[in-house]
Amino acid sequence: MSEILAPVEADVEAFWVHAINAARLNPAEAVMGQNDFLSLRPPFFAYGQTAEEADEFCAAVLDGSVRQIHTDMGDTDANENVEADEGVAQQLRAEQPRVGDLAVMCDGRGIPRALIVTKRVEIVPGSGVTEYIDVLYPADA
């Protein structure tokens with residue numbers, strides 16, 4: 001089992017710029033100018049304890065067989081960059097998820113693979129938080 005690799009910041013930024021254009025999230029930008037929603041890149045993360053788990057989860061999201069992300073309640077207040085100095089690519093949200101949140105999902109090699117949006121949030125006390133997600137980019141996912 002191998003460690004999740006940290007994404008290259010420039011790769012995540014390039015993915016984000018391409019994804020908002022491909023997903024047509026910015027059609028009025030040419031007329032109305034930039035807005036804060038699209039000018040700030042969302043957080044990025046890899047879901048899993050190992051690179052292999054992150055790859056499997058990412059593939060399942062992309063093929064449509066998984067459309068939810070479960071986080072134990074203890075993880076919801078976690079630091080945003082867990083062990084970043086050791087190259088761990090997981091980036092946990094500092095807050096509980098909200099409907100409309102965007103995120104860039106990376107695979108175990110740290111490669112950005114999907115732009116996702118939270119469609120529904122279910123909080124079960126003592127169990128955790130479940131986010132129901134849709135993939136905005138790539139569009140065929």
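How many helices and strands does the chain have? Four helices and five strands, and keep in mind that this is a predicted model. Starting at the N terminus, the order of elements is α-α-α-β-α-β-β-β-β.

Some totals for the chain. Of its 141 residues, 38% are buried. The accessible surface is about 8,000 Å², and carbon and sulfur atoms account for 51% of that. If you take contacts between residues at least 6 apart in sequence, 60% of them join residues at least 24 apart.

Now helix H1, residues 9-22. With 14 residues at 1.5 Å each, H1 should span 20 Å, and the C-alpha atoms at its ends are 20 Å apart, so the two agree. Which residues of H1 are buried? Val12, Phe15, Trp16, Ala19 and Ile20. Looking down the helix axis, these buried residues sit within an arc of 125°, and therefore they line one face of H1. As a reminder, an α-helix has 3.6 residues a turn, so residues three or four places apart point the same way. After H1 comes Arg24, with a positive phi near 55°.

Next, Pro112, which is in strand S4, residues 112-124. Is Pro112 buried or exposed? Its relative accessibility is 11%, and because the cut-off for buried is under 20%, Pro112 counts as buried. Leaving aside residues up to four places away in sequence, Pro112 touches Val104, Met105 and Cys106, along with Asp11, Val12 and Phe15. Asp11 is 101 residues from Pro112 along the chain, yet their C-alpha atoms are separated by 7.3 Å. Val12 and Phe15 are also among the buried residues of H1.

Key:
Residues are numbered from 1 along each chain as its sequence is written. This is a predicted model: local features need pLDDT of at least 70, side-chain atom pairs count only at pLDDT 80 or more; totals for chains, interfaces and linings use all residues. Side-chain values use heavy atoms; hydrogens and water are left out. Helices (H or I, at least four residues) and strands (E, at least two) are DSSP runs, numbered from the N terminus. The expected span of a helix is 1.5 Å times one less than its number of residues. Buried means under 20% relative accessible area, exposed over 50%, partly exposed in between (1.4 Å probe, protein chains only). The arc is that of the directions from the helix axis to the C-beta atoms. Contact means heavy atoms within 4.5 Å. Accessible areas come from the Shrake-Rupley method with a 1.4 Å probe; for residues, only the protein chains shown count as cover.
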